[in-house]
Amino acid sequence: MQEIKCPKCGEVFTVDESGYAAILKQVRDKEFEKEIAARGEAFKAEKSAAVSLALSKAEAESEKETAKLRLELASLKEQARVTEERLRAAEALKLAEKEREIERLKSDAALSKKSGELAVKEAVEQKDARILELEGQLKLSESEHELREKSSEEAHRAALARKDEEIAYYKDFKARQSTKMVGESLERHCETEFNKLRATAFPNAYFEKDNDARTGSKGDFIYRESSEDGVEFISIMFEMKNELDETAAKHRNEDFFKELDKDRREKNCEYAVLVTLLEADNELYNAGITDVSYRYPKMYVIRPQFFIPMITLLRNAALNTLSIRRDLAAVKAQNIAVSHFEEAMNDFTSDFARNVDLAGRKFKTAIEEIDKTIDHLQKTKEALLSSDHNLQIANRKADDLTIKRLTKNNPTMQARFEALKEE
C-alpha cells in the first residue's frame with residue numbers, strides 16, 4: 001500500500017500497488033505528451049528557419065542574377081542610345097547635305113535662268129526628285145532604327161524571362177537533390193549531350209562508364225575511337241565533379257588531378273579531362289578550356305558547356321595524325337612479327353637441344369642395356385659350354401661303364417651275370 005497526499009485538500013489516503021502504478025502512468029503519459037509537443041514545436045521552428053534561410057539564399061541569388069541582367073539591359077539601352085545619336089547625327093548630315101544640294105540647285109537654277117525656261121524647269125524637277133529621294137532615305141533609316149530598337153528590347157525581355165525561369169528551376173532542382181544526385185546529374189547531362197550526337201558525329205566511337213575498379217579506383221567515362229581499319233587514334237578519360245552550394249567542405253578542382261592522371265595511365269588513355277562545376281567564381285576555369293598539362297601531361301579542365309567542343313577539338317587534332325598512327329601500328333606489327341619469329345626460333349632451338357639431349361640419354365641407356373644383354377648371353381654361353389663339357393665327360397664315363405666294372409667288387413652279381421651268359 002502507498003500513501004498519497006492530495007495537493008488541494010492535504011488529505012492523505014492510501015492506494016494499492018495497481019492504483020499507484022496507474023496514477024504514475026497517467027503522470028508519465030502527460031509529461032511525455034508535453035515533451036513531444038514541445039519538441040514538435042521546436043522542430044517546426046527549426047524547419048521554418050531552415051526554409052526561410054534557403055528562400056533568402058535563393059532570393060539573394062535571384063536578385064543577383066536580376067541585377068546582372070538589368071545591368072546588361074542598361075548597357076544595351078546605352079548602346080542603343082549611342083546608336084540612335086549616331087543615326088541622328090547622320091540624318092543631320094544628310095539634311096545639311098540636302099540643304100546644300102538645294103542651295104546649289106537654286107544657284108544653278110539662277111545661273112541657268114538666262115538659258116531659258118526649259119532649263120530652269122528641268123533643274124527644278126531634278127531638285128524636287130533629289131529632295132524626295134533624300135526624304136525617303138531619311139524615313140527608311142528612321143523606320144529601320146525603330147525596328148532594331150524594338151527587336152533588341154523584345155530579345156532582352158525574353159532573355160530576362162528565361163533567366164527568371166532558369167533561376168526558379170535551379171532553386172527547386174537544388175532543393176530536391178542530395179549530394180550524390182548532384183554528382184550523378186552532371187554525369188547524366190554529359191552522357192545525354194553525347195548521345196544526342198553519337199549517331200551523326202561519333203558513329204564509330206566508344207563512350208561508356210568506367211566500371212573496372214580492379215586497380216582500386218576508376219574514372220567516370222572512357223571515350224575511344226578507331227579508324228575503319230582498326231587503328232585507335234584517340235582515347236580520353238573523363239571525370240565529372242559537382243557539389244551543392246550549401247556543402248560545408250568545398251573541394252577544389254586540383255584536388256582531383258592526381259587521381260584522374262592515375263586512372264588515365266592505368267586505363268591506357270591518351271588524354272584526361274575534368275568536367276567540373278567546382279570553384280564557380282574562379283576566372284581561370286570560367287574562361288573556357290583550361291590546359292593543366294604543366295601539372296599532369298595531356299590534362300584539361302572544362303565547364304559542362306565545353307564537353308562536346310572538347311571532344312571535337314581533340315578528335316579533329318588526332319585525325320590529323322591518323323596516317324602517322326597507321327605507320328606506327330604497321331612498324332609495331334612488323335616488330336611483333338620479328339619478335340614472334342625470334343621467339344619461335346628460340347623455342348625450336350631449345351626444343352631441338354632438349355630432344356637431342358633426350359635422344360642421347362636414351363641411346364646411352366640402350367647401349368648400356370645391349371652391353372648388359374651381351375654380358376648375360378656370354379655368361380649363358382659359358383654355362384652352356386660348361387654343360388656340354390660335363391655331358392661329354394658323362395658320355396665318356398657312360399662309354400667306359402661295363403658289367404665287369406659294375407660287378408668288380410660284387411661276387412653275387414658276377415655269379416648272376418655268368419649264369420645269364422651261360423643260358
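Keep in mind that the model is predicted.

Let us begin with the sheet. Six strands make up an open sheet with mixed pairing, and their order is β3-β4-β5-β6-β8-β7. At the edges you will find β3 (205-209) and β7, each of which pairs on one side only. Starting from the β3 side, this strand runs antiparallel to β4, and 5 bridges join the two. One place to look is Glu208, whose bridge partner in β4 is Ile222.

Now move across to β8, where both kinds of pairing can be seen. Strand β6 (residues 271-276) runs parallel to β8, with 4 bridges between them, and Leu274 has Val301 in β8 as its bridge partner. Strand β7 (residues 290-291), by contrast, pairs with β8 in the antiparallel sense over 2 bridges; here Asp291 stands opposite Tyr300.

Which residues of β8 lie on each of its two faces? In a regular strand, side chains alternate between the two faces of the sheet. In strand β8 (residues 299-302), Met299 and Val301 are on one side, Tyr300 and Ile302 are on the other, and all of them are buried, leaving both faces covered.

Helix α4 (residues 257-266) packs on it, touching β5, β6 and β8, and its direction makes about 140° with that of β6. Helix α6 (residues 307-319) lies across β3, β4, β5, β6 and β8, running at about 160° to β5.

Side chains of opposite charge can pair when their charged atoms come close. The side chains of Arg315 and Glu225 do so, with a distance of 2.8 Å from N to O. Because Arg315 lies in helix α6 and Glu225 in strand β4, this pair ties together parts that are 90 residues apart in sequence. Arg315 counts as buried at 17% relative accessibility, and Glu225 is buried too, at 4%.

For a contrasting setting, turn to Asp212 and Arg214, whose closest N and O atoms are 2.8 Å apart in a salt bridge. Asp212 is partly exposed at 25% relative accessible area, while Arg214 counts as exposed at 75%. Elsewhere, Arg252, Glu254, Asp255 and Arg295 are linked in a network of salt bridges.

Ser227 lies between β4 (221-226) and β5 (232-241). Is Ser227 buried or exposed? Its relative accessible area is 13%, so it counts as buried. Leaving aside residues up to four places away in sequence, Ser227 touches Phe233, Leu322 and Arg326.

We finish at the surface, where Phe363, Ile367, Ile370 and Ile374 form a nonpolar patch with about 380 Å² of accessible area together. Ile370 sits in helix α7 (residues 322-400). With a relative accessibility of 45%, Ile370 counts as partly exposed.

Terms used. Residues numbered from 1 in each chain as written. Predicted model: local features only at pLDDT ≥ 70, side-chain atom pairs only at ≥ 80, totals over all residues. Heavy atoms only, no water. Patch = residues over 30% accessible without salt bridge, like charges linked within 9 Å, V, L, I, M, F, W, Y side chains within 5 Å. Areas by Shrake-Rupley, 256 points an atom, 1.4 Å probe, with all protein chains shown as cover. Salt bridge = Lys/Arg side-chain N within 4 Å of Asp/Glu carboxyl O. Buried < 20%, exposed > 50% of the residue type's maximum accessible area, 1.4 Å probe, protein only. Pairing = 2+ DSSP bridges. Contact = heavy atoms within 4.5 Å. Axes fitted to C-alpha atoms, helices over the stretch in contact; angles between N-to-C directions.
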